[in-house]
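Here is a short report on one protein chain. Look at the sheet and then at what surrounds it.

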Amino acid sequence: MKVLVAGGAGFIGSNLVEALLAEGHSVVCVDNFFIGTERNIAHLKNHPHFTLHEQDLCDLEAVQGIFERERFDFVFQMAANSDIQASAKAPEVEYRNTYTTTFNILEAMRMSDVKNLFFCSTSAVYGDAQGEKMDENYAPLMPISYYGACKLGCEALISAFSYMNGFHSLVFRFPNVIGPRLTHGVIFDFLKRLQENPKVLTILGDGRQCKPYLYVADLVSCILQFTKNLPEGVTLYNVGAETQSVVSGIAEIVCQEMGLQDVEFRYTGGRGGWKGDVPVFAYDLSKIHAAGWKAAMTSDEAVIQTVRDVLSCRQ
């Protein structure tokens, strides 16, 4: 099968590209390196079934040209701005890199008669549910970040394009995904701050933020399992770990893995870490579990493994 991974040089995208190649697929990666890096895919440069197009997906004409030349069987739309804090200062970042990229891919699929799509959505579409356990039918969906709003808009586009064009679309709403090649987020920030000052760690918010963290290998295995024999229309799943991790606990794990003792934690205060942060949430995973998938790692296990992954890369 010949597949497109849009955003394939990113953290999740590059891990997915490796897994797809391991399954024997021909993979075309399109990325403009806005967040993804050449380093993430450098080891694949000479792979006989891997092709890279350095291209801005906001250029519809260029995207259509790639679709016309490559003739894809399946599209994985992983391209987005995943740094919510960054887009809080510049909403256009989300409009271009999350919403516009998705529209252009859907339009190119329509024009090239490509029917199969995977889209990575997010828990951010639910907004701040005050810790209520959310299933796929939770409503109303009221995102509080530009990222969540644009992802929800993308879901609406996918629904319309799927109905109008007979697409077979799979949408995963997943939480914080962590693992090797991490580029931002709480673990990344804690490691960076402690390497700069191993005595004091500044923690945004009150440290009681509690969320599920999903290891990237678990997510990739789930994507591969569920993108086979998709039905027509949109299939939607929450995907995540059954447990959550508390920010102050993550700080303790990072300190322990770095061999640091008596680190002073300084909290900035407030319920959330930043404007648009959802401090507490939990998934209802009944649907994905009933369909035959569960994460291999708990949230804390994913945190521990990710800290080790990042530290090993920095040695």
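The sections below cover the sheet, its packing and its salt bridges.

## About the model

This is a predicted model: local features need pLDDT of at least 70, side-chain atom pairs count only at pLDDT 80 or more, and totals for chains, interfaces and linings use all residues. Residues are numbered from 1 along each chain as its sequence is written, and side-chain values use heavy atoms, with hydrogens and water left out.

## The sheet

Helices (H or I, at least four residues) and strands (E, at least two) are DSSP runs, numbered from the N terminus. Two strands pair if DSSP finds at least two bridges between them. Here, 7 strands form an open sheet in the order 3-2-1-4-5-7-12, with parallel pairing. Strand 3 and strand 12 (233-238) stand at the edges. Each has a single partner strand, so one side of each is left without a neighbour in the sheet. From one strand to the next, the twist averages 15°.

Now follow the pairing. Strand 1 (residues 2-6) and strand 4 run parallel and are joined by 4 bridges. Leu4 has Val75 in strand 4 as its bridge partner. Strand 4 also pairs with strand 5 (residues 116-122), in the parallel sense, over 3 bridges. There, Gln77 stands opposite Phe119. Strand 5 in turn pairs with strand 7 (residues 168-174) in the parallel sense over 7 bridges. Phe119 stands opposite Val171 in strand 7.

## Two faces of strand 4

In a regular strand the side chains alternate between the two faces of the sheet. Strand 4 (residues 74-77) gives an example: Phe74 and Phe76 point one way, and Val75 and Gln77 the other.

## Helices and cores

Helix 3 packs on the sheet and touches strand 1, strand 2 (26-31), strand 3 and strand 4. The direction of helix 3 makes about 160° with that of strand 3. Helix 8 (residues 216-226) lies across strand 4, strand 5, strand 7 and strand 12. Helix 8 runs at about 160° to strand 7. Axes are lines fitted to C-alpha atoms, for helices over the stretch in contact (heavy atoms within 4.5 Å). Angles run from 0 to 180 degrees between N-to-C directions.

A nonpolar core is a set of buried Ala, Val, Leu, Ile, Met, Phe, Trp, Tyr and Cys residues joined through side-chain atoms within 4.5 Å. The largest has 70 residues, and Phe76, Phe172 and Val239 touch the most other members. Leaving aside neighbours within four places in sequence, Val239 is in contact with residues including Phe172, Leu214, Leu285 and Trp293. A second, separate core of 25 residues includes Val114, Phe161, Val171 and Leu236.

## Salt bridges

How many salt bridges does a search of the whole structure find? It finds 12. A salt bridge is a side-chain nitrogen of Lys or Arg within 4 Å of a carboxyl oxygen of Asp or Glu. One of them joins Asp56 and Arg96 (2.9 Å, N to O). Asp56 lies in the loop between strand 3 (50-54) and helix 3 (60-70) and Arg96 in helix 5 (residues 92-112), so the pair ties together parts that are 40 residues apart in sequence. Asp56 is partly exposed at 24% relative accessibility, and Arg96 is partly exposed at 33%.

Glu107 and Arg110 also meet in a salt bridge (2.6 Å, N to O). Both lie in helix 5, 3 residues apart, about one turn of the helix.

Definitions and conventions: Buried means under 20% relative accessible area, exposed over 50%, partly exposed in between (1.4 Å probe, protein chains only).
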